[in-house]
Amino acid sequence: MSKQTNEFKTRRTQFLKQLGKGVAVLPSAKPALRNPDVAYPPRQESNFFYLTGFSELNSCCLFAPMSKFPFQMFVEPKDPTKELWEGYIHGPEQAQSLFGADRAQASHPETFFDEAFVEAICEADSLYYRVGLDSRMDERIFGLLQRASKKLGRTGRPFWPIRDPLEILGEMRCIKSPAEIERMATAAKISADAHKLAMKLAKPGSWEYEIEALLFKEFRGHGAERVGYNSIVATGSNACVLHYSSNNQQCQNGDLLLIDAGAEYDYYSADITRTFPVNGQFSKPQREVYEAVLDVQKQCVDAVKPGATVHALQEMASELLLEHLLRMKVLKGTKKALLQENAQKKYYPHGIGHWLGMDVHDTGRYYVSRYDEYRPLKPGMVLTVEPGLYFSTGPARYKGIGIRIEDDVVVTSKGCKVLTSGVPKEVEEVEAACRLA
Ligand SMILES: [Mn+2]
């Protein structure tokens with residue numbers, strides 16, 4: 001069970017309140033087969049875990065604020081044979097006694113859920129259910145709505161509108177509680193220490209996968225359950241591939257190594273990128289690019305405070321990077337004209353950052369209502385700040401250089417706090433960290 005037990009109930013109370021007269025269905029993650037008899041490592045669906053702390057798959061939650069059982073769980077029934085092979089199953093009884101369900105039943109046969117759903121939806125004015133993730137579940141839900149509609153007879157009322165539970169949960173999850181921030185700080189610390197060790201141990205001749213394995217050992221060795229996302233360990237020009245995943249090349253003397261890796265601790269992920277010279281010293285062109293990215297990264301981190309927007313940070317990063325590209329003579333022309341044509345995009349093709357939390361690209365709107373109304377930052381939000389420059393093309397001097405620097409920051413009442421400050425990013429500090437071996 002998660003260490004955050006007390007928070008789940010508070011979250012459910014809040015969620016139920018915001019559902020109004022709606023009913024919500026939240027299926028758990030489903031087991032996924034990698035190849036015959038080999039399953040992918042299970043990981044509970046984030047919204048499901050956020051509200052329950054329950055990590056078993058093949059489960060489902062039904063939230064019905066108007067019912068006498070507002071929080072219902074459908075879970076795997078106890079099964080000694082299955083438990084012998086796969087481990088402990090809590091079963092419906094403990095779903096009530098340990099996980100706080102007002103009523104819990106077996107998730108199969110499906111009739112338990114079906115009946116509870118039809119009963120609940122008949123009282124409700126809308127359904128919160130995320131369509132399109134599981135076509136079998138979609139069909140089942142649509143069928144049950146038809147059944148409920150028939151059951152109600154001729155009412156003349158229109159069909160239940162279907163809404164995305166993320167309308168509510170996405171916003172709840174976007175603002176982190178102190179306990180969540182504490183967890184994120186732990187994920188950040190474990191990840192920062194691993195990055196530092198990678199700087200120390202990577203050297204010319206190291207293989208990308210060796211460094212990937214080292215990071216994983218550090219994550220797991222300090223209690224993180226898993227990676228928050230697949231680690232990117234990219235040497236040389238592999239760094240210009242934004243989601244590089246092969247991790248099978250050897251670091252050459254004179255190359256940079258870009259590492260984008262974060263641990264997931266108690267369901268919260270860190271997301272750190274650092275780029276460093278494997279031989280402990282930046283070449284002159286490498287240093288020029290690094291310092292440009294670092295300058296922009298630091299200015300953007302400083303700009304994170306209540307009222308700022310992710311959009312404004314992106315505009316700021318784009319403009320500052322463009323100025324550097326002009327100064328470095330990568331781009332030629334007037335700043336105004338180049339900005340208008342987004343000329344920096346060729347070397348900085350991604351965004352400045354994203355929400356971070358249970359999902360590495362966490363939930364929550366970036367816009368208020370329309371796509372040109374940006375959402376102001378508020379205390380408790382956590383986001384990444386990660387400008388980069390990538391020269392898969394461009395002048396010979398910089399060709400093959402790819403640099404990104406990424407920190408995780410939490411918005412505070414006055415500004416922000418960097419959760420990942422444990423990894424060096426100043427040139428001298430990075431070189432010193434690389435030389436320790
Ligand atoms: Mn990121």
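This note sets out, point by point, the domains, helix contacts and selected residues of a predicted model.

1. Domain layout. The domain assignment divides the chain into domain 1, covering residues 5–172, and domain 2, covering residues 175–435. Taken over C-alpha atoms, the centres of domain 1 and domain 2 are separated by 37 Å. The contact between them draws 10 residues from domain 1 and 9 residues from domain 2.

2. The domain 1 side of the contact. Two helices, α2 (46–52) and α7 (166–174), each provide at least two residues of the side of domain 1 that touches domain 2. The largest share of that side, 4 residues, belongs to α7. Sorted by class, the side of domain 1 that touches domain 2 holds 5 nonpolar, 2 polar and 3 charged residues.

3. Helices α5 and α6. Two packed helices are described by the angle between their axes and the distance between the axes. For helix α5 (residues 111–122) and helix α6 (residues 135–152), the axes come within 9 Å and cross at roughly 55°. That angle makes α5 oblique to α6. The crossing in which α5 passes α6 is right-handed. On the α5 side, the contact is made by Asp114, Phe117, Val118, Ile121 and Cys122. On the α6 side, Leu144, Leu145, Arg147, Ala148, Lys151 and Leu152 take part. The residues of this contact comprise 8 nonpolar, no polar and 3 charged.

4. Helices α8 and α9. Helix α8 (residues 178–201) packs with helix α9 (residues 208–221) at an angle of about 145°, and their axes lie 9 Å apart. The crossing of α8 and α9 is right-handed. From α8, the residues Ile190, Asp193, Ala194, Leu197, Ala198 and Leu201 meet Ile211, Leu214, Leu215, Glu218 and Phe219 of α9. By class, the residues of the contact of α8 with α9 are 9 nonpolar, no polar and 2 charged.

5. Helices α10 and α11. Helix α10 (residues 284–303) and helix α11 (residues 310–327) pack at about 155°, with a distance of 10 Å between their axes. The two helices, α10 and α11, are therefore roughly antiparallel to each other. Their crossing is right-handed. The contact involves Ala292, Val296, Gln299, Cys300 and Ala303 of α10. Its α11 members are Leu313, Met316, Ala317, Leu320, Leu321 and His324. In this contact of α10 with α11 there are 9 nonpolar, 2 polar and no charged residues.

6. Val410. This residue lies in strand β18 (residues 407–411). Is Val410 buried or exposed? Val410 is buried, because 21 other C-beta atoms lie within 10 Å, and 20 or more are required for that class. Leaving aside neighbours within four places in sequence, Val410 is in contact with Ile181, Val382, Cys416, Lys417 and Leu419. Between Val410 and Gln314 there is a sequence separation of 96 residues and a C-alpha to C-alpha distance of 17 Å.

7. Most residues other than glycine have a negative phi, and most peptide bonds are trans. The peptide bond from His108 to Pro109 is cis, with omega near 5°. Pro109 is found in the loop between β6 (103–106) and α5.

8. Asp37. Although Asp37 is not a glycine, its phi is positive, at about 65°. Asp37 is placed in the loop between β2 (33–35) and β3 (38–39). Asp37 is exposed, because 6 other C-beta atoms lie within 10 Å, and 12 or fewer count as exposed.

9. Asn58. A positive phi of about 55° is also found at Asn58, which is not a glycine. Asn58 sits in the loop between α2 and β4 (60–63). With 16 other C-beta atoms within 10 Å, Asn58 is partly exposed.

Notes:
Residues are numbered from 1 along each chain as its sequence is written. This is a predicted model: local features need pLDDT of at least 70, side-chain atom pairs count only at pLDDT 80 or more; totals for chains, interfaces and linings use all residues. Axes are lines fitted to C-alpha atoms, for helices over the stretch in contact, and angles run from 0 to 180 degrees between N-to-C directions. Angles under 35 degrees count as roughly parallel, over 145 as roughly antiparallel, 65 to 115 as roughly perpendicular and the rest as oblique. A crossing is left-handed if the near helix is turned anticlockwise from the far one by less than a right angle, and right-handed if clockwise. Two residues are in contact if their C-beta atoms, placed from the backbone, lie within 7 Å. Ala, Val, Leu, Ile, Met, Phe, Trp, Tyr, Cys and Pro count as nonpolar, Asp, Glu, Lys and Arg as charged, and the others, Gly among them, as polar. Domain bounds come from an automatic or database domain assignment.
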